[in-house]
Amino acid sequence: MAKVTLNQRTHVAIDVGTSKTRIHIERLGMVFNESTIIATDFKTKKVIAIGDAAKNFVGKLSGNLQLKYPMKRGVISDMAILKLFLATILKKYENEIKGAIVTLACPTSVTHLERNSLVKAIKELGVFHVQVEDDIKLALLGAGIDITKPNGYLGLDLGAGKSTAAIIATGGTVTSKWSKSAGNTTDQEIVKHLKAKHQILIGDITAEKIKNSISTLIKTKTPLKTIAYGYDLTSGMPKDIELTDKDIAKILQSTFGNLTNLITGVLEDSPNELAGDVIKNGVIVTGGMANIPGVKFYFEDFFEIPVTVVKNAANATIDGAIAHKELTIEEYEVTHSPVEEVSY
Ligand SMILES: Nc1ncnc2c1ncn2[C@@H]1O[C@H](COP(=O)(O)OP(=O)(O)OP(=O)(O)O)[C@@H](O)[C@H]1O
Ligand SMILES: [Mg+2]
């Protein structure tokens, strides 16, 4: 049988985000772009639903059904569940992933032990090689930046469970810091605010919808408006309320205030030689929260350096994992090339 070259092997890109998991299989395209949730039967342990189908059960659980979140606040919350989640999706593509090479995006917070455990679990599905890369580095690659050059770039990924700031140069993460201040904490603050200020109890999904429809960092002439549905705390009856961007302005200011501290922290830790690069190249912003109007001007105003908000910001990490194929192969060849014997 003819030997299969690394390039001929199918490339699989995986990004398990706190809110969304994205999986791309070469020649098939994006096979999964859904919520990182799994619903199992409490008694039989069987998987009942996965992804968006499982998200539909949030707040509506009955019987033996239970929901599990493999990722929480930017870290792996349950390794066994994460493995079950990935295996359940990937098993559907058993034939395609057999002998494949995988580029797996991982938050910078994931330990070596956890990374190895994930690699082992994915390999057990018949995959040939799994290369783990920092998600923030892949996000910059997905933004179209040549990360292999000795040119420093400051990336800021604003996700659901965490925000990460990092300086990337010469194909690696030079310094990085992450914070829980991100999409989910903003949603939770909206829940708290409506409870305290308007005596309305809303769920996390409603809070996320409010955030995604009326968030802005720009002063609006015509306010952005939305209607929120919840339960009146005093009467216990369902109630609706009209909200404008002003209602969540303070919450957003607090989230973005934390993000400026995150960037400052990374800049303080970065080698002085890279300061010039960062001033020239500016900040590259990715992740779902980068969709908030005014993100560019907010950071430009604060740091007085150019800021680029990437198109399709929420997909930057998976786009980078897809684009990493050649680098994954190169890395494999370097680490697996036979050591030449030297005779003296
Ligand atoms: N238009 C929008 N305005 C505000 N927030 C948004 C918008 N669109 C998406 N988001 C938020 O972006 C977050 C999802 O971003 P992303 O898909 O980058 O996260 P993730 O990769 O799943 O999470 P993480 O990288 O933190 O593990 C969610 O909190 C979502 O509500
Ligand atoms: Mg992410």
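1. For residue classes, Ala, Val, Leu, Ile, Met, Phe, Trp, Tyr, Cys and Pro count as nonpolar, Asp, Glu, Lys and Arg as charged, and the others, Gly among them, as polar. On that division, the lining of the largest cavity has eight nonpolar residues, no polar and no charged.

2. The model is predicted: local features need pLDDT of at least 70, side-chain atom pairs count only at pLDDT 80 or more, and totals for chains, interfaces and linings use all residues. Residues are numbered from 1 along each chain as its sequence is written, and side-chain values use heavy atoms, with hydrogens and water left out.

3. A cavity is a set of points, on a 1 Å grid over the protein atoms alone, where a 1.4 Å probe fits but cannot get out; lining residues have an atom within 4 Å of a point. Grid points are joined across faces, edges and corners, and a volume is the space filled by probe spheres set on the points. Searching the whole structure gives one cavity of 30 Å³ or more. The volume of the largest cavity is about 40 Å³. Its lining consists of Val 16, Met 71, Leu 82, Leu 104, Ala 105, Cys 106, Pro 107 and Leu 118. Strand β9 (residues 101-106) contributes the most to this lining, with three residues; helices (H or I, at least four residues) and strands (E, at least two) are DSSP runs, numbered from the N terminus.

4. Rings of Phe, Tyr and Trp (its six-membered ring) pair if their centres lie within 6.5 Å; planes under 30 degrees apart count as stacked, over 60 as edge-to-face and the rest as tilted. The count by this rule is seven aromatic pairs. One of them is Phe 32 with Phe 85, edge-to-face at 6.1 Å centre to centre and 85 degrees between the planes. This pair links distant parts of the chain, 53 residues apart: Phe 32 lies in strand β3 (residues 29-35) and Phe 85 in helix α2 (residues 79-90). Both Phe 32 and Phe 85 are buried (under 20% relative accessible area, with exposed over 50% and partly exposed in between; 1.4 Å probe, protein chains only).

5. Why is the pair of Phe 256 and Phe 299 tilted? The ring centres of Phe 256 and Phe 299 are 5.8 Å apart and the planes stand at 45 degrees, so the pair is tilted. Phe 256 belongs to helix α8 (residues 245-269) and Phe 299 to helix α10 (residues 295-303), 43 residues apart. Phe 256 counts as buried at 0% relative accessibility.

Conventions: Chains are lettered from A and ligands numbered from 1 in the order in which they are written. On a 1 Å grid over the protein atoms alone, a cavity is a set of points where a 1.4 Å probe fits but cannot get out, and a pocket is an open set with protein on both sides within 12 Å along at least five of seven lines; lining residues have an atom within 4 Å of a point.
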